[in-house]
Amino acid sequence: MAAGKKLFLFDIDGTLLLTGRAGEHALRLGLKERFGIEDDLSGISFAGSTDGAIARQMFGAHDIPVTPENLADLFDGYVHHLAHELPQREGRVLPGIVELLDALHAREDCVLGLLTGNIEKGAELKLSHYGVWDYFEFGAFADDHVDRNQLGPVAHARAVERHGITFEGRDVYVLGDTPKDIACARAAGFVAVAIATGGYTVGELAAHEPDHLFESLADTRGVMAELLGEAGAAA
Ligand SMILES: [Mg+2]
């Protein structure tokens, strides 16, 4: 049985939850506090990007050198402000997420991890605030690589390390709300599961040909049946 385990790697923003843009506000405040620069960040592409890639866009717009020190300074300010922003913004866990995580968590043949563009500390703050951090055993984060497409193998390696078994590419599901999540799954040879609960519609995501496409994850039985087959739905 062990060889047949499935690995589910979840994106955070737009997939598990919405934070009412707490992350963007925290980045804006971090930039202002640590670098004395006011920027509404309207020129920044957030969806599906890693925090490292977003920081590089921000630095590029203001001629701030991309150094480890400057990145650490920005993220330190970001994390500080994120903790204050999360309770002030109207965010929420998306429909069906808790039920789906409960259903997957209850199965011995399913492993849950994160594959996210968030830095780990930001991911922990967001998921803890909404009560879903403890579902995930491990993750691949922006701390691991600036390029999201490099994060699939990192997450896979952590799963292998923890469970002492390998996971076939067809048994690794990357769940996300943007074309970049689909590309990330493709880059690693994993299964792309797109959900239109973030900034992209079903039609926009369909153009990138994910393996599975859902309007939302609200229908727990339907999602389990499609991803795990009929036996999965019955279990
Ligand atoms: Mg997302």
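Visitor: Which residues touch the most other members of the largest nonpolar core?

Guide: In this predicted model, the largest nonpolar core holds 55 residues, and Phe8, Phe10 and Leu16 touch the most other members.

Visitor: Which helix gives the most to this core?

Guide: That is helix α3, residues 68-85, which contributes six residues.

Visitor: What does Phe8 touch?

Guide: Not counting residues up to four places away in sequence, Phe8 touches Leu104, Cys110, Val111, Leu112, Gly113, Tyr173, Leu175, Leu227 and Leu228.

Visitor: Which residues does Leu74 touch?

Guide: Setting aside residues up to four places away in sequence, Leu74 touches Leu27, Gly30, Leu31, Phe35, Ala55, Met58 and Phe59. Phe214 lies 140 residues from Leu74 along the chain, and the C-alpha atoms of the two are separated by 35 Å.

Visitor: Let us turn to helix α5. Which of its residues are buried?

Guide: In α5, which covers residues 120-129, the buried residues are Gly122, Ala123, Lys126 and Leu127. Viewed down the helix axis they fall within an arc of 120°, so they line one face of α5.

Visitor: Why would residues three or four places apart point the same way?

Guide: An α-helix has 3.6 residues a turn, so residues at that spacing point the same way.

Visitor: What do the buried residues of α5 pack against?

Guide: They pack against β2 (17-18), α3 and β4 (110-115). Following α5 is Gly131, with a positive phi near 75°.

Visitor: What about α6, how far apart are its end C-alpha atoms?

Guide: They are 18 Å apart. Helix α6 runs over residues 151-163, and its 13 residues should span 18 Å at 1.5 Å a residue, so the two values agree.

Visitor: Which residues of α6 are buried?

Guide: Leu151, Gly152, Ala155, His156 and Ala159 are buried in α6. They cover an arc of only 135° around the axis, which puts them on the same side of α6. The elements they pack against are β1 (6-10), β4, β5 (138-140), β6 (172-176) and α7 (179-188). Just after α6 comes Gly164, with a positive phi of about 65°.

Visitor: Now some charged residues. Is Asp171 buried or exposed?

Guide: Asp171 counts as buried, because its relative accessibility is 9% and the cut-off for buried is under 20%. Its place is in the loop between α6 and β6.

Visitor: Which side chain makes a polar contact with that of Asp171?

Guide: The side chain of Lys6 does, at 3.3 Å. Leaving aside neighbours within four places in sequence, Asp171 is in contact with Lys5, Lys6 and Leu7.

Visitor: And where is Asp109?

Guide: Asp109 sits in the loop between α4 (97-105) and β4. With a relative accessible area of 16%, Asp109 is buried. A polar contact of 2.8 Å joins its side chain to that of Arg107. Beyond its neighbours within four places in sequence, Asp109 is in contact with Lys5 and Lys6.

Visitor: How far is Asp109 from Gly4, by C-alpha atoms?

Guide: Their C-alpha atoms are separated by 7.0 Å, although the two residues are 105 residues apart along the chain.

Visitor: Last one: which side chains make polar contacts with Asp11?

Guide: The side chain of Asp11 is joined to that of Thr15 by a polar contact of 2.7 Å, and to that of Arg148 by one of 2.9 Å. Asp11 lies in the loop between β1 and β2, and counts as buried at 5% relative accessibility. Leaving aside neighbours within four places in sequence, its contacts include Leu16, Leu115, Leu175 and Asp181.

Terms used
Residues numbered from 1 in each chain as written. Predicted model: local features only at pLDDT ≥ 70, side-chain atom pairs only at ≥ 80, totals over all residues. Heavy atoms only, no water. Core = buried A, V, L, I, M, F, W, Y, C linked by side-chain atoms within 4.5 Å. Buried < 20%, exposed > 50% of the residue type's maximum accessible area, 1.4 Å probe, protein only. Helix = DSSP H or I, 4+ residues; strand = E, 2+ residues; numbered from the N terminus. Contact = heavy atoms within 4.5 Å. Arc of directions from axis to C-beta. Expected span 1.5 Å × (residues − 1). Polar contact = N/O pair within 3.5 Å; in protein donor to acceptor, adjacent residues only side chain to side chain.
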